[in-house]
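Dear colleague,

I am passing a structure on to you, together with some notes on what turned up in it. Please read them with the coordinates open beside you.

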Amino acid sequence: MHQHEQNEEGATREELEQIYGTLREKTPEELAREKEFDPYEPMNFEQIRDLDKKYILGTYARMPVAFVYGTAEFLYDTTGKEYIDFLSGIAVTSLGHANSDLIEALRSQADRLWHVSNLFYNQPSVMLARALVEVTFPGKVFFANSGTEANEAALKLMRAYGQAHAKKKTKIVSLKGSFHGRTFGAMSLTGQEKIHNGFGPLVSDIEFVLVDDTASIVLAIDENTAGVILEPIQGEGGVLPLDEEFIATVRERCNEEEALLVFDEVQTGVGRTGQYFAYQAYKTEPDILTMAKGLGGGFPIGAMLVKDKLSDVFSAGMHGSTFGGNPLATAVGYEVLRTIESQGLLEHAREMGDYLYTGLEELREEFPDLIEEIRGLGLLVGVVLKNSREARPLVEKALSHGLIIGRAGDNVIRLAPPLVVRESSIDAAIEKLRKMFKELK
Ligand SMILES: Cc1ncc(COP(=O)(O)O)c(C=O)c1O
């Protein structure tokens, strides 16, 4: 730029130099680098993968695809190839990709206000909190930004409740095979050694019990127990629905010992199972409900809802989050709940869940040597593979057929299509799975 040439905003170089100091011309290397990182210049898959490898920590075993855009239950990669999305970003994009109501809610909030911190009140957060209470039970909400943070809040609340109790309780009971997140507290609550490995010592005084082992959990919940945390349907643990009576017994024991019962519905919540929350199908109410994933339809948000009787356990300053409850996330979350209600998506999810289940059962009959069992609830479905066959190669195979599915545990295929999925897409997905299983025979 020459000395008196004006830039787009009208400031001269001299004026800019007064503000920023002496400006120098960019080197050819810097210009090339700028071009490399121009977000408006579409990259091909190899370019994205190489930069990912170079600049992003390798904590994920990624699939060899980069998606560029999506609509409803379809995604398109860098080559324009179409995929049916039966994973929804691991049970997150429940209203499908590029849902016009969510885009509008985000846009109109983005035009007004992004962030103010929790030092001040904001309208979208109270709207969403009220909407959550209206579809669950009388209580109060703490907003976070992810599932693990929602569980972190629940762990702190259980401990704070226990410490305030006459018996100074600290013990937490959790289940083997559970998954509650990756931060230290939530990781410590997780009942899987492979998640703990290399990070010890963990948060202490957490006891793990086998799923549906009623005799053991009756004993594990004792006078020192501050709380119990469980997923009504274990998600990462293999889409494994817990037994109704087991959950009812846990509820009873918690009542007897004045221990809190936390349901982690991060994966099962917000319509995924054809109910707002899976506990509504189990007909056992928790004291604390945690959620995330589907609540933002793809926008990061997490929340903990506690019953009214617990609303004083945390006093001001005991817990917090800079971003939690920010106007963008909560405006979108509110729109997610409004859309589920106005479009009858709970009923639709139940119907489509039944339709999917029927199609998968047919596949199980066709391929008895490959498929052991179909399980789950609503649109969270697990296809258990026979003889502990590894699910990962099948997930990769499905991808090459243009179908996105996931894995839950080592030998379970996880299906979590968006709540808006159409019958025709379920038919197409079943056909792709049929083709895939035929190739394995
Ligand atoms: C049941 C459950 N709890 C907690 C989490 C952690 O959520 P996030 O990854 O948003 O921290 C997950 C994520 O898969 C989950 O399935």
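The notes below go through the domains, the core, the ligand shell, a sheet and some backbone details.

This is a predicted model, in which local features need pLDDT of at least 70 and side-chain atom pairs count only at pLDDT 80 or more, while totals for chains, interfaces and linings use all residues. Residues are numbered from 1 along each chain as its sequence is written.

By an automatic or database domain assignment, the chain falls into domain 1 (13–41), domain 2 (67–98 + 345–440) and domain 3 (113–342). The C-alpha centres of domain 1 and domain 3 are 47 Å apart.

The largest nonpolar core has 110 residues, of which Ala154, Val228, Ala303, Met304 and Val383 touch the most other members. Such a core is a set of buried Ala, Val, Leu, Ile, Met, Phe, Trp, Tyr and Cys residues joined through C-beta atoms within 7 Å, where buried means that 20 or more other C-beta atoms lie within 10 Å of a residue's own, exposed that 12 or fewer do, and partly exposed anything in between, with C-beta atoms placed from the backbone. Helix α13 (residues 327–342) supplies the largest share of this core, eight residues; helices (H or I, at least four residues) and strands (E, at least two) are DSSP runs, numbered from the N terminus. Because domain 2 and domain 3 both give residues to this core, it lies between them.

Around the ligand there are 15 residues, and Ser146, Gly147, Thr148, Val266 and Gln267 come nearest; a residue is near if its C-beta atom, placed from the backbone, lies within 6 Å. Helix α7 (residues 147–164) contributes the largest share of this shell, three residues.

Four strands form an open sheet of mixed pairing in the order β1-β2-β3-β15, two strands being paired if DSSP finds at least two bridges between them. Its edge strands, each pairing on one side only, are β1 (67–71) and β15 (403–404). Strand β3 (residues 82–85) runs parallel to β15 and is joined to it by two bridges, and in β15 isoleucine 404 is the bridge partner of aspartate 85.

A cis peptide bond, with omega about -5°, joins glycine 200 and proline 201, and proline 201 lies in the loop between α9 (193–196) and β6 (206–209). Serine 88, in helix α4 (residues 88–91), has a positive phi near 55°, and it counts as buried because it has 28 C-beta neighbours inside 10 Å. Asparagine 387 also has a positive phi, of about 50°, but counts as exposed, with 8 C-beta neighbours inside 10 Å.

With best wishes
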